[in-house]
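Take a moment with the sequence and the fold.

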Amino acid sequence: MAKTQYYTATSIDGYIADERNSLDWLFEVDEGTENPFGEFFSGVGAFAMGATTYEWVLKNDNLLEEPQNWHDMYGDVPCWVFTHRDLPPVPDANVFMISGDVRRVHEAMLVAAQGKNVWLAGGGDLVAQFAAYGLLDEIILGIAPAILGSGAPLLKHRLRVDELILTGVREVGQFAYLTYAVGDVARLGRHLAAETATLLPAHF
């Protein structure tokens, strides 16, 4: 079943960018030889990001001068950018500038994804809106060995212990990847785990 996922890198203390909105600290981390993002993105059929994230991508990858960089990373997968400002589009990219209720946009993204997953690329403010409406199914964190002390938080929405269940742990280079089921998906997982436990013999 298709999932709506928040896949991002974070510092140990839960920041996705430093106080200057920079990711320079992240690029100092050894990623190893695997390509977890490529593996992840192969299952994505639509994605969304906020204005700040989009502006960072534009600048970091020089997309207005070299739009092919966008196509190399994301192909023709449709992207929705949530913004209240006029932002320059990447030439010939499948990008929609949007504002308003995330629920309406989420429905359109699911249709566009054609059975594949929906990726919420960030930032934390935008993902919090999806989480608040129960539209977030999974969080995948690449935890970098860095402590920033301040910056842009991972997610500005409270998720209780019963709304999260750890489903995966993986070491890639210096990153520790943690995957969590969220909300109803997590509660269903806990229910099934408890139900399975009652069916197991007391000693085996």
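**The sheet and its edge**

Arg170 stands opposite Tyr177 in strand β10. This is a predicted model, where local features need pLDDT of at least 70 and side-chain atom pairs count only at pLDDT 80 or more, while totals for chains, interfaces and linings use all residues. Residues are numbered from 1 along each chain as its sequence is written, and side-chain values use heavy atoms, leaving out hydrogens and water.

Eight bridges join β9 to β10 (residues 175-182), and the two run antiparallel. Two strands count as paired if DSSP finds at least two bridges between them. Helices (H or I, at least four residues) and strands (E, at least two) are DSSP runs, numbered from the N terminus. Strands of a sheet pair through backbone hydrogen bonds, either parallel or antiparallel.

Now step back. β9 and β10 belong to an open sheet of eight strands, in the order β5-β4-β3-β6-β1-β7-β10-β9, with mixed pairing. Its edge strands are β5 (95-98) and β9 (164-172), and each pairs on one side only. From one strand to the next, the twist averages 20°. Helix α2 (residues 51-60) packs on this sheet. The helix touches β3 (44-50), β4 (79-82) and β5; contact means heavy atoms within 4.5 Å. The direction of α2 makes about 100° with that of β3. Such angles run from 0 to 180 degrees between N-to-C directions, and axes are lines fitted to C-alpha atoms, for helices over the stretch in contact.

**The cores**

A nonpolar core is a set of buried Ala, Val, Leu, Ile, Met, Phe, Trp, Tyr and Cys residues joined through side-chain atoms within 4.5 Å. Buried means under 20% relative accessible area, exposed over 50%, and partly exposed in between (1.4 Å probe, protein chains only). The largest core has 34 residues; Phe41, Phe47, Met49, Tyr54, Trp70 and Trp119 touch the most other members. α2 gives the most to this core, with four residues. Apart from it lies another core, of 26 residues, among them Trp80 and Leu141.

Which peptide bond is cis? The one from Gly122 to Gly123, with omega near 0°. Gly123 lies in the loop between β6 (117-120) and α5 (124-132).

Asn62 has a positive phi of about 50°, although it is not a glycine. Asn62 sits in the loop between α2 and α3. At 32% relative accessibility, Asn62 counts as partly exposed. Asp92 also has a positive phi, near 65°. The loop between β4 and β5 holds Asp92. Its relative accessible area is 75%, so Asp92 is exposed.
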